[in-house]
Amino acid sequence: MSKKIKLCLLLLFILQVVIAVNFELAHDEAYYWLYSRHLDWGFFDHPPLVGLIIKCFSFLPHSEFSVRIGFIILQFGTIYLLLNLTSFSSRALWLFFSFPLASFAGLFALPDMGLLFMTACYCYGLKKYLEDDSRKNILILSVIIPLLLYAKYHGVLLLFFTLVAIPSLFWRKSFYSIFLISLLLFLPHILWQYHHDFSTLRYHFLERPRADFSSKRLLEYLALQVGLPGLFLGPVVWKIVLTRKIENSFDRAMKIISIGTVIFFLVSTLGKKFEANWTIFLTVPLIYLSANSEVWRSKLFQGLLGFSLVFVLLSRALLVMPSEWIELRRIREFHGWGDWSKSVEKLCEGAPISANSYQIASKLSFYLNVEIGSINYRSRKNQFDYWRFDKLIPTDTICYVTDKLEFGGEVLATPDGKRLRLIKKMSLKQLLSAKM
């Protein structure tokens with residue numbers, strides 16, 4: 001690795017840290033922070049790796065920095081592996097920070113960064129294994145695969161499309177060793193799912209609301225996939241990937257993973273809503289396949305890459321600007337919640353606090369640094385239904401923050417512009433019976 005790349009990595013790392021400590025946690029980040037306080041082999045919404053990453057840095061003072069630093073480190077671990085896969089091409093670095101989702105992923109304590117890092121580990125481990133199925137490489141890949149699935153279930157697509165691309169793996173004896181070791185290491189999570197009625201799988205595959213076919217949603221999905229490498233670079237990167245000649249089994253796997261994943265979620269989108277981050281792990285195969293292309297010798301495309309890089313890096317400023325400067329609800333999710341949480345605590349006058357929304361309960365928990373439960377009345381099931389913090393409340397009277405109007409209470413505005421209700425003296429028994 002050249003000194004120039006090392007210096008750029010150091011400067012980018014400092015930039016990520018400076019940005020990450022200057023805006024508050026998103027709702028889901030606070031939720032995953034609670035994961036880290038109650039580590040388990042599984043959680044209702046996601047596998048457990050996101051909570052473990054946060055837990056690793058819980059020895060640091062309570063702050064946004066301690067929650068996010070692990071993900072910034074994993075982001076740069078991902079970049080190092082990508083550089084290794086592309087023979088330390090500096091273009092891999094510039095492409096990574098030009099991909100909006102990948103570039104921003106390290107700033108948030110979300111499962112996406114863990115998945116992205118483990119995808120890079122998987123691709124690196126697979127390449128080494130295909131080159132030499134030594135005991136060392138077999139063991140490394142056997143550990144990476146369960147960790148990939150502990151990061152996010154989307155990792156299954158990497159495994160499936162690898163087998164589609166390289167069916168000869170079934171004829172390798174070592175393949176079955178990898179399968180058995182990986183299964184053994186992933187068994188604790190399977191058992192957790194069994195003891196919890198496979199709640200995570202049922203939620204994601206059966207209980208998530210279905211939607212009627214929408215050509216608009218389909219076009220939005222396709223536009224997002226084309227734009228995954230960036231608004232300006234997307235068509236260039238995808239053209240390189242689609243036209244690249246296959247030189248070996250690993251190249252074929254990377255190409256099939258890229259194309260197959262897009263087709264898989266395209267079919268899924270026909271009947272369900274989609275999230276832009278679902279295909280973030282394609283960052284790794286797309287950069288591997290495109291970084292060393294001759295296309296980048298063109299001054300036009302070099303300029304396009306430079307423009308995209310600067311655009312994505314500068315857009316970080318949106319996260320740290322005061323929310324009143326920008327009329328975007330999503331930006332207001334990152335500002336004002338510390339003061340808001342203290343105002344709620346003051347209004348509740350010492351009574352135990354509970355909320356109807358798992359996101360609001362998580363935000364209050366983090367910024368008051370106390371575990372506040374979510375008693376879900378007419379809202380979707382979540383991890384709070386397993387934690388049941390309400391059982392620890394020493395009184396039958398709670399201060400309830402809810403978005404349900406039928407309970408009355410005083411109006412409580414949130415920093416992101418929503419209007420909730422705060423009921424200072426709510427009967428816990430009454431609420432639990434209503435929930436039933």
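## Pockets, a greasy patch and salt bridges

The second largest pocket has a volume of about 260 Å³. Of its 17 lining residues, P352, I353, V370, E371 and I372 sit closest to the centre. By class, that lining splits into 11 nonpolar, 3 polar and 3 charged residues.

A word on the source: this is a predicted model, where local features need pLDDT of at least 70 and side-chain atom pairs count only at pLDDT 80 or more, while totals for chains, interfaces and linings use all residues. Residues are numbered from 1 along each chain as its sequence is written, and side-chain values use heavy atoms, with hydrogens and water left out.

The structure also holds 1 cavity of 30 Å³ or more. The largest cavity has a volume of about 60 Å³, and 10 residues line it, with S374, I375, F384, R388 and D390 nearest its centre. β2 (373–374) and α21 (384–387) are the elements that give two or more residues to this lining, which divides into 3 nonpolar, 3 polar and 4 charged residues. On a 1 Å grid over the protein atoms alone, a cavity is a set of points where a 1.4 Å probe fits but cannot get out, and a pocket is an open set with protein on both sides within 12 Å along at least five of seven lines; lining residues have an atom within 4 Å of a point.

R388 is in the loop between α21 and β3 (397–402). At 27% relative accessibility, R388 is partly exposed (buried means under 20% relative accessible area, exposed over 50%, partly exposed in between, with a 1.4 Å probe and protein chains only).

Now for the surface. A nonpolar patch with about 1,000 Å² of accessible area together includes F179, L180, Y194 and F205. Patch residues have over 30% relative accessible area and no salt bridge; like charges are joined within 9 Å, and nonpolar side chains (Val, Leu, Ile, Met, Phe, Trp, Tyr) within 5 Å. α10 (173–195) and α11 (199–207) each supply at least two of the patch residues, and α10 gives the most, with 8. L180 is in helix α10 and is exposed at 54%.

In the loop between α10 and α11 you'll find D197, whose phi is positive, near 55°, though the residue is not a glycine. D197 is exposed, at 54%. F88, another non-glycine, has a positive phi of about 55°; F88 lies in the loop between α4 (64–85) and α5 (90–98) and is partly exposed at 28%.

On to charges: a search of the whole structure finds 11 salt bridges, each a side-chain nitrogen of Lys or Arg within 4 Å of a carboxyl oxygen of Asp or Glu. Here are some of them.

| Pair | N to O distance |
|---|---|
| R244 and D251 | 3.1 Å |
| K424 and E349 | 3.8 Å |
| K404 and D403 | 3.8 Å |

K404 is buried at 13%, whereas D403 is partly exposed at 40%. Salt bridges that share partners join E349, E410 and K424 into one network. R244 is partly exposed at 21%, but D251 is buried at 0%. K424 lies in strand β5 (residues 419–427) and E349 in the loop between α19 (337–347) and β1 (353–355), so this pair ties together parts 75 residues apart in sequence.

How values were computed
Accessible areas come from the Shrake-Rupley method with a 1.4 Å probe; for residues, only the protein chains shown count as cover. Helices (H or I, at least four residues) and strands (E, at least two) are DSSP runs, numbered from the N terminus. Grid points are joined across faces, edges and corners, and a volume is the space filled by probe spheres set on the points. Ala, Val, Leu, Ile, Met, Phe, Trp, Tyr, Cys and Pro count as nonpolar, Asp, Glu, Lys and Arg as charged, and the others, Gly among them, as polar.
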